[in-house]
Amino acid sequence: MAEALRVGIAGLGTVGASVARVLTHKAAELTRQCGRPIAIAAVSARDASKDRGVDLTAAQWFVDPVRMAANADIDVFIELIGGDEGPAREAVKAALEAGKHVVTANKALLAKHGVALAEIAEKKGVLLNYEAAVAGGIPVIKTMREALAGNSVNRVFGILNGTCNYILTRMEAEGISFDECLKDAQRLGYAEADPTFDIEGNDTAHKLSILTALAFGTKIAAGDIYLEGISNISQADIRAAAELGYRIKLLGVAQRTESGIEQRVHPTMVPTASVIAQVHGVTNAVAIETDILGELLLSGPGAGGNATASAVIGDIADIAKSRPGFQHGPVFGWPAKQLKPYKKAQMRSHAGGYFIRLTVHDRTGVFAAIAKRMADNDISLESIVQRSVEAKDQKTVILVTHETTEAAVRKATDGITKDGHLTDKPQIIRIERAA
Ligand code: HSE
């Protein structure tokens, strides 16, 4: 039997404890699959006495994860601390510099420092594995790095945040408020420590930035992503979408366009009959469109201790199976030094269909004025419907456009606002083509 692979786990929260339990309770299966045992040689956590449902007394305990990364007798450093700076970053850097493989679930760290860390890993000839950082348990990194060899990606998009999908699903199914759904998501342990990261789209953006680098060979540019969260989605939007044959999802989308790579995170209307619209609750989904394969859709649990641990264990098993002297593929598919600068496509040039919900004064000429602004900006309408709202003397007008540009829609809605017919800000939701 080959020697055991020695791992050190930094962070024993929900995911870390689950990883420790799986490595211990599934030791026989993992040994068979990897051809060698995987031993938890070191652990770093604040409280050594807490019951985590697994016996870790044989492991060396460290209070400081950076010391563990640099000094412990381990082959693999598993970073489950979180945060894009501080101990997580320092420990990952120390481990790579000490020639240790790293497995991390930390999307925020990779979104900010992934390229620099990949350069160190590639220089040292060690692996930096991060399956759990994107879409929880879904093996999307492995798919993009390995299974899609030879394919060129045109578009990658998906539901990358379980909290948002959970909230939107419950809002639609039960007609309950955004706040109530968010509280439940927090109670169930899906939400980030700061839930604004989930609901304002930052968490989706971190994950999307990693997928973009893998898909298009560009440097990670999370700060260049167009961002809109779900906090202003109302029951009125959800009901109107359903009536028109759409469902609202928070999508992260990266696509090749003539003017560069478009990266955007925003609430999106997808046809109710599309596969991605059937992805409910905390489930995530990633669609990858390529030249050879066509469209691939992966879906599965995107958040929670066990789902994330499953991806971490897969990464560890890959390292256990690798042979000495084996040249691993580059961290982001392209060697880190060859990643191209990210060329951002301007959101104003985004082309697609739009859903526009307007709350208007109920008076003569409003419809005509709206239609004129649309025509003046060359926007062709697929449908226009009017609904009464509870407030007196107001109506809701819902427009669905054919393909147009963001610039045209903004100009038209600015014009309608100037005309003085609106009683509230226009609500604009992009429509995404989906099979
Ligand atoms: N807060 C994240 C989510 C957890 O809701 O999807 C997984 O990254």
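I sorted the shell around the ligand by class and got three nonpolar, four polar and five charged residues. My classes: Ala, Val, Leu, Ile, Met, Phe, Trp, Tyr, Cys and Pro are nonpolar, Asp, Glu, Lys and Arg are charged, and the others, Gly among them, are polar. This is a predicted model, where local features need pLDDT of at least 70, side-chain atom pairs count only at pLDDT 80 or more, and totals for chains, interfaces and linings use all residues. Residues are numbered from 1 along each chain as its sequence is written, and side-chain values use heavy atoms, with hydrogens and water left out.

I listed the residues around the ligand (a heavy atom within 4 Å); among them are N161, T163, D198 and D203. Helices α7 (162-174) and α10 (202-216) each give the shell at least two residues; helices are DSSP runs of H or I, at least four residues, numbered from the N terminus.

Next I checked polar contacts (N or O pairs within 3.5 Å). K107 puts a polar side-chain atom 2.6 Å from a ligand oxygen. For K207, a side-chain N or O atom is 2.8 Å from an oxygen of the ligand. Y190 uses a backbone N or O atom, 2.8 Å from a ligand nitrogen. The ligand alone exposes 260 Å², and the protein buries 91% of that (Shrake-Rupley, 1.4 Å probe).

Where does the ligand sit? I found it in the largest pocket, counting more than half of its atoms within 2 Å of the grid points. A pocket here is an open set of points on a 1 Å grid over the protein atoms alone, where a 1.4 Å probe fits, with protein on both sides within 12 Å along at least five of seven lines; lining residues have an atom within 4 Å of a point. The lining divides into 19 nonpolar, 18 polar and twelve charged residues.

Definitions and conventions. A polar contact is a pair of N or O atoms within 3.5 Å; within protein, one must be able to donate a hydrogen and the other to accept it, and residues adjacent in sequence count only if both atoms are side-chain atoms.
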